[in-house]
Amino acid sequence: MTLIRRHRNLFKYSLDALGRYRMRGAVVVVTFLIATTMISAVLFTKDGLEREAEYSVNAAPDLTIQYLKAGRVVPIPAAIGEVISGTEGVERVLMRTWGYAGIGQYTFTVIGLDLQGLDLTGGAMGAIESGRFLTPDDAGTRNIVIGKLIAGMLDLKTGDDMILLSESVEATRFHVVGVFSDQSSIYTADMIIMPLEDANAFFNMPDGYVTDFAVYTKPGADAGEVASRMSTIPNVRILDQDILLRGYKAAYGARGGVFTTLWTILLAAAALIAFSQAVVVGHESKFEVGLLKTFGFSTLDIVEVRLIESLIMGFFATSLGMLIGYAYAAFFNAPGLVDILLGWAFLPKEFRLPVFVSAESLLSIYAVTVIPLLVTTVVPAWLNAITDPEIAMRRGTA
Amino acid sequence: MIEARDLSKIYNKGRSNEVTAVTKVNLKIDGGIAAFTGPSGCGKTTLLSMLGLILTPTSGEILFDGENVLAYSDYWKTKFRRESFGFIFQHINLLPGYTALENVLLPLYASDLRPEGYRERALELLTGLGMKERADHTVEQLSGGEQQRVAFVRALVKDPKYIFADEPTVFVDEETSKVIYDLLSDLRERGKTIVLSTHDPELIKIADKVCRLCRGSLEKEGGRAEV
Amino acid sequence: MRRITIVAVLAIALTVAISAISFTDEAGWRDGGGSAMTIREVVGLPSIAIGTNYEGTRNPLLEMYVRPLYDIPGGYDYAVPSSFIGTPLGIPAYRETIPEFNITIKKG
């Protein structure tokens, strides 16, 4: 009981001290708040995008087969699909034709799917907001499903038609049968999905050629081993899920890394400000420590008092900053940040950034804020506490 | 009883700015009021601080009731101070931003006592020194004399056995000085041991033992009449 | 309650709040992300739109940090032909067994 009371007394004293050094506390808190708000918005968004990339890759084909000519990726003969299907461990091979289409100054991803080979029982409807997804009956009909980005830009809804200029510079009319949902925007926002035949015509693909193959391995089969069995097929490039994931992480890592670096520099500046504030109030603090030791505060008591002060300031500023950063990203789509991270020139207004508050990022942010603050306050206090009280007081009033 | 044996203090020992503040002082204080006097820079405050265990001597021993306290750890010395000492400083040394009452209760935060439980006693002591109406005023709102009264109450709130006072009347007015003289006499009657440094002849008059220092050494020691 | 005590209480409350969000997010990761997952399976490719192909919409400061992305859907070839990057170079089985494989790199 007495031990509890003793620590309660020290806690109360710490709060009083926080109230006394209000200006110093305010400067430290505001600086840390600004820095942690931005760094957490960047980190949580980056983590969210990386996590989505992981989800996406997990659901992606086990292997993606592309064709090389003179070292460049070119359309792949559809006939190779039969060779790939015959490889041990391969369950299913889907042809894909995909590329980019321009509308004004914007670019969208056009994906032609082999609807015969698709498993549509999985619930693609869950990603559709209005209308329907494509079915095998849509082959050759130029029916399309579009994402929110294009729907918003051209004010399209289910039942409307849109015209795109094809590769052969022909105006091609497409009919919108479905629009993707907000929830799937991270994947579908700039997407136009059409039957494979229509995509081949749109991109003026040579007969019997597609862009690539999506290969699904049998359960239990090792994708790497299956890939190595395909090594005898000339001029193919085989991408596994790791490669894809590394690619996405590199993109977000690079983009996120720029900002993380900048804001880490800001945090370092914040730590310096905290230190300089400690110096500014240093004399007063030295005197106070000397006085406290005279009255019987032990060295540990003084360390505890400063520790409590710093922990309260540090956690208050950092936690508040992280919550603001989280809200900025999760509820307001991080304006000013998201177009840089995603590279989109235009966002659908219903779009929601994937935001992920990873334990790793959380602890990292606390580590670069609270720990420097502790060091810049507790260490000087400890140094004064191990000095003779008379000398500490004298230095404090010097 | 407080006893000092061959007590010395050298600041910046071994450096070019080495200063010997106190040299081989031997004395005994057996209750009552002991006053250290002498010219400025003679080592009064240094000697007082060493006896109050807030300044580590360079050499020598300090005994309280026969126990050499310098042999003990900093933790133990701090504990001893907390439980047995009260301090009054020349520059008063109240914490700015706190009220008079809060300053008085400050020493209690170092202990496992309930500071709120000492509120009554603190107010009683402040009333005794004419400070009741000023108890909730911050330090900045008090005059020098009022601050010193508050400092006295702070030293006495835990009813310590030993009281160390460094030039307690140097920055205060005549009225406050008189209050201090009466207070110290009263404390002596109650069996407290008071050690103080002073130039004030009125304080020397009420002391039971006077020690005269010169250049860090004990020049003369005895009753006030002798010294 | 004194004002400064509110700061201490808030420090704890805010820390608990952000920790709770993190805990929920970490647990949610194991679920795999909900219904958006189905579109990933159906479409069959990792297609997070990570950048447009048109220079006018890119951030010029950022471009120097963007790396070639193997011409995967949603990415783009930028300055370096993507075939020079990727697993095939990293796995000896590819280098050594595929006839007439890209022989830009050949270990002596």
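This passage describes a sheet and a helix of chain B, the contact between chains B and A, and a strand pair of chain A in a predicted model. Local features required a pLDDT of at least 70 and side-chain atom pairs a pLDDT of 80 or more, whereas totals for chains, interfaces and linings use all residues. Residues are numbered from 1 along each chain as its sequence is written, and chains are lettered from A and ligands numbered from 1 in the order in which they are written.

Chain B contains an open sheet of four strands in the order E2-E1-E4-E5, with antiparallel pairing (strands are DSSP runs of E, at least two residues, and helices runs of H or I, at least four, numbered from the N terminus; pairing requires at least two DSSP bridges). Strands E2 (19–29) and E5 (67–68) of chain B form the edges, each pairing on one side only. Seven bridges join E1(B), residues 2–11, to E2(B) in the antiparallel sense; Ile2(B) has Ile29(B) as its bridge partner. Helix H1 of chain B (residues 44–51) lies across E1, E2 and E4 (59–64), at about 125 degrees to E1(B) (axes are lines fitted to C-alpha atoms, for helices over the stretch in contact, with angles from 0 to 180 degrees between N-to-C directions).

In chain B, 23 residues are in contact with 24 residues of chain A (C-beta atoms, placed from the backbone, within 7 Å). Helix H2 of chain B (residues 74–84) supplies the largest share of the chain B side, six residues.

In chain A, strands E1 (residues 63–69) and E12 (residues 212–217) pair in the antiparallel sense over three bridges. Ile65(A) has Phe213(A) in E12(A) as its bridge partner.

Note on methods. Contact = placed C-beta atoms within 7 Å. Buried ≥ 20, exposed ≤ 12 C-beta atoms within 10 Å, placed from the backbone.
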